Amino acid sequence: MDSLAWDKQGGLLPAIVQDDRTLRILMLGYMDRAALQATLDTRRVTFFSRSKGRLWTKGESSGHFLDLVSIEADCDSDTLLLMARPNGPTCHLGTTSCFRQAPGAFLTELDALVGQRERERPEKSYTTGLFEAGVRRIAQKVGEEGVETALAAVAQDEEALCNEAGDLLFHLLVLLRARGRSLDDVVEVLRQRHRVC
């Protein structure tokens with residue numbers, strides 16, 4: 001705690017909160033030393049509220065707490081990144097995040113949900129049925145959806161193409177999870193290829 005740059009902004013550090021499972025940015029708050037210590041002690045994200053002039057635990061009135069997973073400082077030690085697990089909407093407007101979601105970011109959320117379905121196998125879930133049918137059946141579905149996507153691209157309108165592409169992406173996520181991989185693994189392959197381009 002002493003190595004943080006508390007003096008840069010009058011004893012407060014910006015604290016960015018990110019969902020540990022989906023990696024979505026949830027909110028920004030400010031922490032003083034007491035807020036950081038309270039967060040570490042209780043494992044619930046606590047800020048210093050500049051408007052209230054006191055410590056404020058996110059969720060203290062709504063019950064939508066942010067359970068702390070980890071904290072790290074940036075390279076200048078003047079901003080904190082908190083990985084947390086939300087218990088309901090984060091924003092006071094009732095939304096998941098205080099920020100609009102970037103296009104494509106939903107894939108990370110969907111991948112996390114597919115991983116959860118694989119672990120929990122809820123009854124009457126289409127995704128559970130796919131996992132229980134096995135890798136061959138899931139791979140077959142990916143092949144079918146790939147062909148349907150290609151056909152939609154040459155013979156149908158944009159809405160049909162987007163619908164088929166959505167089916168393809170979903171089934172591909174299921175196949176990756178069935179093989180013990182995730183969207184992150186594919187993104188890393190693309191990142192490595194991008195460095196070579």
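Colleague: Before we start, what should I know about the model and its numbering?

Modeller: It is a predicted model, where local features need pLDDT of at least 70, side-chain atom pairs count only at pLDDT 80 or more, and totals for chains, interfaces and linings use all residues. Residues are numbered from 1 along each chain as its sequence is written, and side-chain values use heavy atoms, with hydrogens and water left out.

Colleague: How do I read helix packing, and at what angle do α4 and α5 cross?

Modeller: Helices (H or I, at least four residues) and strands (E, at least two) are DSSP runs, numbered from the N terminus. Axes are lines fitted to C-alpha atoms, for helices over the stretch in contact, and angles run from 0 to 180 degrees between N-to-C directions. Here, α4 (residues 135-155) and α5 (residues 158-178) cross at roughly 160°, and their axes come within 8 Å.

Colleague: What do we call that orientation of α4 and α5?

Modeller: Angles under 35 degrees count as roughly parallel, over 145 as roughly antiparallel, 65 to 115 as roughly perpendicular and the rest as oblique. So α4 and α5 are roughly antiparallel to each other. Their crossing is also left-handed (the near helix is turned anticlockwise from the far one by less than a right angle; clockwise would be right-handed).

Colleague: Which residues of α4 and α5 meet?

Modeller: Contact means heavy atoms within 4.5 Å. On the α4 side, the residues include Ile138, Val142 and Glu145, and they meet α5 residues including Leu168, His171 and Val174. The residues of this α4 and α5 contact split into 14 nonpolar, three polar and five charged. For those classes, Ala, Val, Leu, Ile, Met, Phe, Trp, Tyr, Cys and Pro are nonpolar, Asp, Glu, Lys and Arg are charged, and the others, Gly among them, are polar.

Colleague: Is histidine 171 buried or exposed?

Modeller: Buried means under 20% relative accessible area, exposed over 50%, and partly exposed in between (1.4 Å probe, protein chains only). Histidine 171, in helix α5, counts as buried because its relative accessibility is 4%. If you skip neighbours within four places in sequence, histidine 171 contacts Tyr126, Leu130, Ile138, Lys141, Val142 and Glu145.

Colleague: And what about glutamate 145?

Modeller: Glutamate 145 lies in α4 and counts as buried too, at 5% relative accessibility. Again leaving out neighbours within four places in sequence, glutamate 145 touches Glu164, Asp167, Leu168 and His171.

Colleague: How does α3 pack on α4, and at what angle?

Modeller: The axes of α3 and α4 are 5 Å apart, at an angle of about 120°, so the two helices are oblique. Tyr126, Leu130, Phe131 and Ala133 of α3 make this contact with Arg137, Ile138 and Lys141 of α4. By class, that gives five nonpolar, no polar and two charged residues.

Colleague: What is the angle between α3 and α5?

Modeller: About 45°, with the axes of α3 and α5 10 Å apart. That angle makes α3 oblique to α5, and this crossing is right-handed. Tyr126, Thr127, Leu130 and Phe131 in α3 meet Phe170, His171, Val174, Arg177 and Ala178 in α5.

Colleague: What is a nonpolar core, and which residues touch the most other members of the largest one?

Modeller: In soluble globular proteins, nonpolar side chains tend to be buried together. A nonpolar core is a set of buried Ala, Val, Leu, Ile, Met, Phe, Trp, Tyr and Cys residues joined through side-chain atoms within 4.5 Å. The largest here has 17 residues, of which Val17, Met31, Val45, Phe47, Leu66, Leu80 and Leu82 touch the most other members. At least two residues of this core come from each of β1 (13-19), β2 (25-31), α1 (33-42), β5 (66-73) and β6 (80-86). A second, separate core has eleven residues, including Phe131, Ile138, Leu173 and Val174.

Colleague: Which residues have a positive phi without being glycine?

Modeller: Most residues other than glycine have a negative phi, and most peptide bonds are trans. Arginine 43 has a positive phi of about 65°; you'll find arginine 43 in the loop between α1 and β3 (46-49). Arginine 121 has a phi near 50° and is in the loop between α2 and α3.

Colleague: Where is glutamate 123?

Modeller: Glutamate 123 is in the loop between α2 (106-120) and α3 (126-133). At 73% relative accessibility, glutamate 123 counts as exposed.
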